[in-house]
Amino acid sequence: MVLIAGGEFLMGTDNPGIPSDGEGPQRRVHVDSFYMDIQEVTNRQFQSFTNVTGYVTQAEKFGDSFVFEGILSETVKSQITQAVAVAPWWLPVKGANWRQPEGPDSNITDRMDHPVVHISWEDAASYCTWANKSLPTEAEWEYACRGNLKDRLYPWGNRLNPKGQHYANLWQGEFPHNNSAEDGYVKTSPVMSFPANAFGLFDMVGNAWEWTSDWWTVHHSTEQQHNPTGPPTGTNKVMKGGSYMCHKSYCYRYRCAARSQNSAQSSSSNLGFRCISQETR
């Protein structure tokens, strides 16, 4: 973990990439100091948790999870008869979970240093409790993402690929049919494969979506806030950072101000988390 010294920042944006997501209005927010994992929780770390506790994820209990069609084998795809109507590239795959990210014919043997995926909010919260850590609030997450850069799109600035270099694991090509993988990856990448931001944090955008502790809302005030925690209750939880599937043409959510939502029980092949702590490790 690394210490994120508290301070004030501009949260959100007045020029939202996806207005319906409630990215604005921009407001001044102060957060106190905290420690944050420099990387997303990996398969190796999550396996240590399950080995000690015997924890079973919700995807394992439910018996299936959502997987992006483009990374499935033809054998698995041939057995699926339904999809998400508004996003037909998302398929419910029986046997898909963190141990088998693309279903029964896949494993994580060569992906122990990749971010764990198919993790629900409740799974992530359970891991945090075991590790004596917690999930970041949306404000803490966004403050950390920005790395002291004021009003910039990405953790490193405003240009997506400065000097032709890739700074995050994102989708290149035409979504959802052709991922040219110019950054070297079609799905998740090992954590710390791309440059860290000024706080020393890796993969704050791209690779895997990350859960926060906040309930979802799109109604924000311009009043200055101190350690905001979101509404007291809600239906969905806030996710930040985007994933390897994000492309400007469809999911322009790999910006620090960007946000999305999902139910606390949901899981998918691009959804993971990282932790924070109020004390040093």
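Trainee: Which exposed residues are on the face of helix 1 turned away from its buried side?
Mentor: Asn51 and Val52 sit there. "Exposed" is over 50% relative accessible area, "buried" is under 20%, and partly exposed is in between, using a 1.4 Å probe and protein chains only. Before we go on, this is a predicted model, so to speak about local features we need pLDDT of at least 70, and side-chain atom pairs count only at pLDDT 80 or more, while totals for chains, interfaces and linings use all residues. Numbering runs from 1 along each chain as its sequence is written, and side-chain values use heavy atoms, leaving out hydrogens and water.

Trainee: And which residues of helix 1 are buried?
Mentor: Helix 1 covers residues 43-53, and its buried ones are Asn43, Phe46, Phe49 and Thr50. Looking down the helix axis, these fall within an arc of 120 degrees, so they line one face. That arc is taken from the directions from the axis to the C-beta atoms. Helices here are DSSP runs of H or I with at least four residues, strands are runs of E with at least two, and both are numbered from the N terminus.

Trainee: What covers those buried residues of helix 1?
Mentor: Helix 4 (121-130) is part of the cover. Just past the end of helix 1, Gly54 has a positive phi of about 75 degrees.

Trainee: OK, next Thr57. Where is it in the chain?
Mentor: Thr57 is in the loop between helix 1 and helix 2 (58-62). Its relative accessible area is 0%, so it counts as buried. Ignoring neighbours within four places in sequence, Thr57 is in contact (heavy atoms within 4.5 Å) with Phe46, Trp98, Ile119 and Asp123. Phe46 is one of the buried residues of helix 1.

Trainee: Which side chain does Thr57 make a polar contact with?
Mentor: The side chain of Glu60, at 2.7 Å. A polar contact is a pair of N or O atoms within 3.5 Å; within protein, one has to be able to donate a hydrogen and the other to accept it, and residues adjacent in sequence count only if both atoms are side-chain atoms.

Trainee: What about Arg111, buried or exposed?
Mentor: Buried, since its relative accessibility is 10%. Arg111 belongs to the loop between strand 6 (90-94) and helix 4. Leaving out residues up to four places away, Arg111 touches Asn43, Pro101, Glu102, Ser106 and Lys187. Asn43 there is another of the buried residues of helix 1.

Trainee: Changing topic: how many residues of helix 5 are buried?
Mentor: Nine of its nine, so by the accessibility cut-off this helix (138-146) is mostly covered. Among them are Glu138, Glu140, Glu142 and Arg146, along with Trp141 and Tyr143. After helix 5 comes Gly147, with a positive phi near 55 degrees.

Trainee: Which residues other than glycine have a positive phi?
Mentor: Ala181 is one, with phi of about 55 degrees, and Asp203 is another, with phi near 55 degrees. Ala181 is in the loop between strand 8 and strand 9 (209-215), and Asp203 is in the loop between strand 8 and strand 9 too. Asp203 is buried, at 4% relative accessibility.

Trainee: Where are there cis peptide bonds?
Mentor: One runs from Gly24 to Pro25, with omega near 0 degrees; Pro25 is in the loop between strand 2 (7-11) and strand 3 (27-31). Another joins Phe175 and Pro176, with omega about 0 degrees, and Pro176 is in the loop between strand 7 (173-174) and strand 8 (178-179).

Trainee: Last one: what does Ser268 touch?
Mentor: Not counting residues up to four places away, Ser65, Phe66, Trp90, Val117 and His118. Ser268 sits in the loop between strand 12 (260-262) and strand 13 (271-272), and it is buried at 8% relative accessibility. Its side chain also makes a polar contact with the side chain of Asn270, at 2.7 Å.
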